[in-house]
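I opened my notebook to look up a few things in this structure. Here is what I wrote down, entry by entry.

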Amino acid sequence: MIINLIILIVGLAVYAGYGISVLYLLSAALLGYLAGRLIPRHRWVVWVSMVLEVLPLLLLRAQRWLPWQPVTAPIGISYFTLQITAYHADLYRGRYEPEKNLLRFGLFVTYLPHIFIGPIEPYAGMRAALEERHISGDSFLKGAARSLWGLFKKLVIAARLGVIVSVISAEPEQFNGAYALAAMLLYAVQLYADFSGGIDIVLGVSRMLGIRMSENFDAPYFSQSIAEFWRRWHITLGAWLREYVYIPLGGSRKGKLRKFFNTMATFLVSGIWHGGGYLLWGLMHGIFVSCGEKFKTKSKTLNRIVTFLLVSFLWSFFIWPDTVTVLRIAGSVFTVFNYNVLFAGIGGMGLTAGDWIVLGGACLLLWLYDWKSRSLKARFCAFSPAAKVGVIGLLALAVLTFGRYGIGFKASEFIYSRF
């Protein structure tokens with residue numbers, strides 16, 4: 001109990017340190033707790049609570065179309081909102097009894113390591129993780145190695161790729177065609193290294209505290225279809241959408257047409273969750289998920305290449321500021337053939353020759369790790385404590401030697417903390 005209290009206090013202090021009113025987070029946690037106590041006896045409370053919880057998120061997502069000045073969204077609102085609403089939905093279904101301990105519920109909502117970028121942990125899983133927490137030397141070493149691997153992906157790979165992507169995306173009229181295609185492909189790797197790296201840090205720090213949390217990635221760029229991609233990418237968000245949107249709508253139980261509608265509605269919700277400008281992005285994913293399996297070939301390699309290209313094109317909604325620009329720039333890939341200019345000019349976009357060598361080696365290492373992740377994890381777990389310390393030392397040395405550092409390093413600088 002004392003450790004939980006310390007984690008809660010430290011988490012709130014760090015959260016408040018970002019200049020964001022911590023009152024909103026505490027209010028959301030208190031509302032979630034009180035509503036949870038009432039739902040088993042007054043089932044109508046679940047609808048009132050969900051409106052009060054989801055409405056601020058919807059207004060923040062829609063404020064670009066509303067007459068007032070933009071309001072800065074509290075970091076993590078997308079994540080703790082989904083966790084609280086899922087908790088209330090499970091209580092409504094009678095899956096478990098409401099939490100009576102306010103401290104434990106508050107820690108579930110405000111747990112620092114995952115409040116910024118996830119994973120979106122269900123209440124039952126988070127409570128079990130907190131209750132079964134066991135700190136040991138072995139878990140500490142495993143957590144440290146996982147955290148350093150996440151820092152490696154964030155600071156060595158994503159930081160370098162971000163330099164190139166930012167240069168190209170800043171001048172869409174000048175850098176189109178082949179430059180746009182390069183930005184999409186590089187951003188796909190940047191986003192993955194940044195987001196999965198952040199999740200590695202979250203899971204690693206949690207493991208060091210003796211807390212085991214859900215995995216959020218499973219080598220997504222080895223997927224052979226968009227549907228498979230969404231089973232491997234942001235796994236906990238996909239599980240939330242399936243459990244609390246897709247299945248309640250009827251899932252695949254009511255015919256092909258209804259299944260298509262339910263899939264489209266689910267990805268529309270995903271688009272809204274990401275932001276008001278991502279509705280078309282969500283709908284396009286829904287179309288590819290519904291129809292993509294029909295176009296798979298017998299070649300696994302070809303399927304993976306096509307899926308990666310499709311996903312990269314859809315990530316373009318994350319690169320450029322508005323849908324019109326995205327469609328215009330994406331179209332230029334097929335109309336502006338300036339590849340000779342790209343190969344001559346991309347070397348001068350902020351990275352030195354040494355940066356390119358480091359980036360190439362690091363990306364190859366990331367690809368090999370994802371390809372053999374299960375066997376590599378098993379081998380590391382079988383290492384002696386001294387060998388594990390040696391791996392940790394090598395990772396720390398690599399991060400310190402090859403990482404790119406700005407003025408500061410903030411959790412809010414992770415790309416997916418914006419959503």
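**Entry: a pair across the sequence**

I started with arginine 146 and glutamate 215, whose side chains meet in a salt bridge (2.8 Å, N to O). Arginine 146 belongs to helix 8, while glutamate 215 sits in the loop between helix 9 and helix 10 (226–232), so this pair ties together parts that are 69 residues apart in sequence. For my own use I noted that a salt bridge is a side-chain nitrogen of Lys or Arg within 4 Å of a carboxyl oxygen of Asp or Glu. Helices here are DSSP runs (H or I, at least four residues), numbered from the N terminus.

**Entry: ground rules**

This is a predicted model, where local features need pLDDT of at least 70 and side-chain atom pairs count only at pLDDT 80 or more, while totals for chains, interfaces and linings use all residues. Residues are numbered from 1 along each chain as its sequence is written, and side-chain values use heavy atoms, leaving out hydrogens and water.

**Entry: how covered is each partner?**

I looked up relative accessible area next, where buried means under 20%, exposed over 50%, and partly exposed in between (1.4 Å probe, protein chains only). Arginine 146 is buried at 18%, whereas glutamate 215 is partly exposed at 36%.

**Entry: another pair from helix 8**

Lysine 154 forms a salt bridge with aspartate 194, and their closest N and O atoms are 2.6 Å apart. Lysine 154 lies in helix 8 and aspartate 194 in helix 9, so the pair ties together parts that are 40 residues apart in sequence. Both lysine 154 and aspartate 194 are buried.

**Entry: a network**

How many salt bridges does the structure hold? I found 17. Asp90, Arg93, Arg95 and Glu243 are linked in a network of them. Within it, the side chains of arginine 95 and aspartate 90 meet at 3.2 Å, N to O. Arginine 95 is partly exposed, with a relative accessible area of 46%, but aspartate 90 is buried, at 5%. A reminder to myself: side chains of opposite charge can pair when their charged atoms come close.

**Entry: two residues and their contacts**

Is lysine 142 buried or exposed? Its relative accessibility is 18%, so lysine 142 counts as buried. Lysine 142 lies in helix 8 (residues 137–170). Leaving aside neighbours within four places in sequence, lysine 142 is in contact (heavy atoms within 4.5 Å) with Arg207, Phe380, Cys381 and Lys388.

I then turned to serine 206, in helix 9. Serine 206 counts as buried, because its relative accessibility is 0%. Not counting residues up to four places away in sequence, serine 206 touches Tyr111, Pro113, Ile211 and Met213.

**Entry: the nonpolar core**

Which residues touch the most other members of the largest nonpolar core? Of its 120 residues, they are Trp233 and Trp315. Helix 9 (residues 178–208) gives the most to this core, with 18 residues. Such a core is a set of buried Ala, Val, Leu, Ile, Met, Phe, Trp, Tyr and Cys residues joined through side-chain atoms within 4.5 Å.

**Entry: cysteines**

I looked for disulfides (a pair of cysteine sulfur atoms within 2.5 Å) and the structure holds zero. Cysteine 291 is partly exposed, at 28% relative accessible area. Cysteine 381 also counts as partly exposed, at 39%.

Methods. Helices (H or I, at least four residues) and strands (E, at least two) are DSSP runs, numbered from the N terminus.
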